[in-house]
Amino acid sequence: MRRLSSWRAREARAGLLLVAPGLLLLALFLALPVVAALLLSLTDFDLYAIGDPSAARAVGLGNYARLLHDPVFWKALGNTFFFVVFGGPLTVSLSLGAALLLNHRLVRFPGLFRTIYFAPVVTTLVAVAAVWRYLYHPRFGLLNAALGFFGIGPVDWLGDPHWAMPAIVLMAAWKNFGANMIIFVAGLKAIPESLYEAARIDGAGPIQRFRKITVPLLAPTFLFVGLTTTIGYFQLFAEPYVLSGGEGGPMNATLSVALFMYKQGFRWWSIGSAASIAFVLFAVILAATLLQRRLQKGGEA
Amino acid sequence: MRRFAAGLLLAAATACARGGERGEAVRLWAFGREGEVVRELVPELEKRHPGLRVEVQQIPWTAAHEKLLTAYVGRELPDVAQMGNTWIPEMTALDAIEPLDARVAASAAVQPGDYFPGIWETNVLDGTLYGVPWYVDTRLVFYRTDLLAAAGVRDFPKSWSAWRAAMEAVARRGGPGRFGLLLPTNEWAQPVALAVAAGAELLSDGARHGAFRAPEFRRAAEFFVGLYRDGLAPPLANTQVANLYQQMAAGDFAMYVTGPWNLGEFRRRLPASLQGSWTTAPLPAPDGMPWPGVSLAGGSSLVVFRSSSRKDDAWKVVEFLSEPATQKRFWQLCGDLPARRSAWDEPALATDARTAPFRLQLEHVRATPKVPEWEQIAAKVWERLEPVARGTRDLDAVLTALDADVDAILAKRRWLLERKAAEGKP
């Protein structure tokens, strides 16, 4: 017994030793900056404090309190939720749809289409935005020309505060669905063809095969894609940044929490306040992730 | 305001070898196109001062502001740099730039009297000089002469009321979708320029509080908002204008309040058939005030950093770039307007009907408030005015809110000033 336990202790020590470099790196490059940022969020560290640290004052939870009273923050949070709630499902269903199409036996040149659908993912966002700005142009834009064909009046996509966020959702979904599509294709490929054959022999139609075989076997992939998309979309930044020239306009309609944080921190150098936004965003993402996991786990069971 | 022209040409800015080498180079940071062009001037400077080596590091405009502050924090600032003149208060708050009064007083090359007073003034904080103007920038009206003439406007208006009447005439003749003036809703320079012309102080009480409810600002805001309300200017953000020059050429807008960089752009981008049909004019003045209306003092200065160990050499760079001959050359190379009046005797500048209005306007410019918070305040100005321009909010409520915003932004400044005052009389 004793020998066994001492062996165990030795093994534990060896294990600790083995993970120590990793832990050290994590502590140095993750934990330390996080703690520093947390402390920073409790001060009014700003441009003046960069020059003279004595100009920084401890403000306790002041930054957080001010944030809760800032209508612009709520606007940014609302915009971000809008993006996640509409953009997330849209992107995931586009990806799934594209993956199912590509995986179909009748599709010719799947490699070619996979490359085409994946191309937006690896295209520079700045270039993409320049093109989409033309597509969205109220008078010369292709999108309005298409809508006009059906007799729908011109929409000022990027100028109308009501349409600016949907416009960003649309562009982001187009830009990002390819990445998830690849993951879904891999997930679909992992489903053994024999299952479908057996189902077909048993007389299951295509809808039944999809519901009884594809959906349950794809569930883990679905969970992964759903989570990563949600987390990524909560951090929405680059799309509104490039489409609105870094401002989040019109009338803050495309201001996301991350863009708001960036403006506070690197435009106005209100670093303390920016740090508090980062922690609020972290809390929101954590809550949303836990909720989503619970919902999807519940759905599985 | 932002020139992306050279923005994508990333300079390998920070990583460059610093010192160490034989004959230490003076490091000069310049932004965007200026950074490209100033390189061509360096050989002459080095020829004149044997032993002086200048290393130009070009930084894209979009990254410049952030780069300066991060370089300050990382103690990696160069010896001498171009500095947008609205950034000088920030850099002074950090105590990063060297006062230049003594050097200017002893200099034969830099003659304060030869500069536009309003521009020079942007470099003076609490009576101390921190920068020497390099090139200048202000806002005035670019317009299509053919469209105005067709609408019966022969001479460019000199008062706000005549200006409005001209826009009305253009809009009436052009029909729906055609506007007298393009006035992007997400730029602060235009409403602030109008306010400055109306005599608004913008901030009050030693820049401790906002003064946006003052009658002068209100008058300008009323005029500004009225242009959208009455359909004379489209309520568009500049991001909604996909191609400004195409739309100018199509006649969507007859006038546009903008800066000197568009002299070159209009020349390059408007079709050849329209090259005889556009020009510039100084800003009209509010009724009852002398013409031309006051505009904003913009542009870039040259500053020497306190951290530099080669300040004398750095100053030689400033002096060289300030000489009228170099200023002329610089204008020829990139079209930036010279800061020195004597450089304006260059025939091509003096006789060009499109630059002459700039020469006149530059005599009538004023600095925006010289506090580090100004850009943040300026962003609030358009953010607050935008809903009014789009017709969803009432002006008076917005001006009250704007003053509250600005007071909150200036809270730290008030605290620092109080602390300083308390330290002063212990």
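The model is predicted: local features need pLDDT of at least 70, side-chain atom pairs count only at pLDDT 80 or more, and totals for chains, interfaces and linings use all residues. Residues are numbered from 1 along each chain as its sequence is written, while chains are lettered from A and ligands numbered from 1 in the order in which they are written.

Reader: What makes residues of chain A and chain B count as in contact, and how many do?

Author: Their C-beta atoms, placed from the backbone, must lie within 7 Å. By that rule, 24 residues of chain A are in contact with 20 residues of chain B. α2(A) gives the most to the chain A side, four residues. By class, that side has 13 nonpolar, six polar and five charged residues.

Reader: Why is the span of α12(B) called close to the expected one?

Author: The expected span is 1.5 Å times one less than the number of residues. Helix α12 of chain B has twelve residues, and the expected value is 16 Å.

Reader: What makes W315(B) buried?

Author: Buried means 20 or more other C-beta atoms within 10 Å of its own, placed from the backbone. W315(B) is among the buried residues of α12(B), as are V318(B) and L321(B).

Reader: How do you know where the domains of chain B lie?

Author: Their bounds come from an automatic or database domain assignment. Domain 1 is 25–137 + 297–362, and domain 2 is 140–295 + 370–413. Their C-alpha centres are 28 Å apart.

Terms used: Contact = placed C-beta atoms within 7 Å. Helix = DSSP H or I, 4+ residues; strand = E, 2+ residues; numbered from the N terminus. Nonpolar A, V, L, I, M, F, W, Y, C, P; charged D, E, K, R; others polar. Buried ≥ 20, exposed ≤ 12 C-beta atoms within 10 Å, placed from the backbone.
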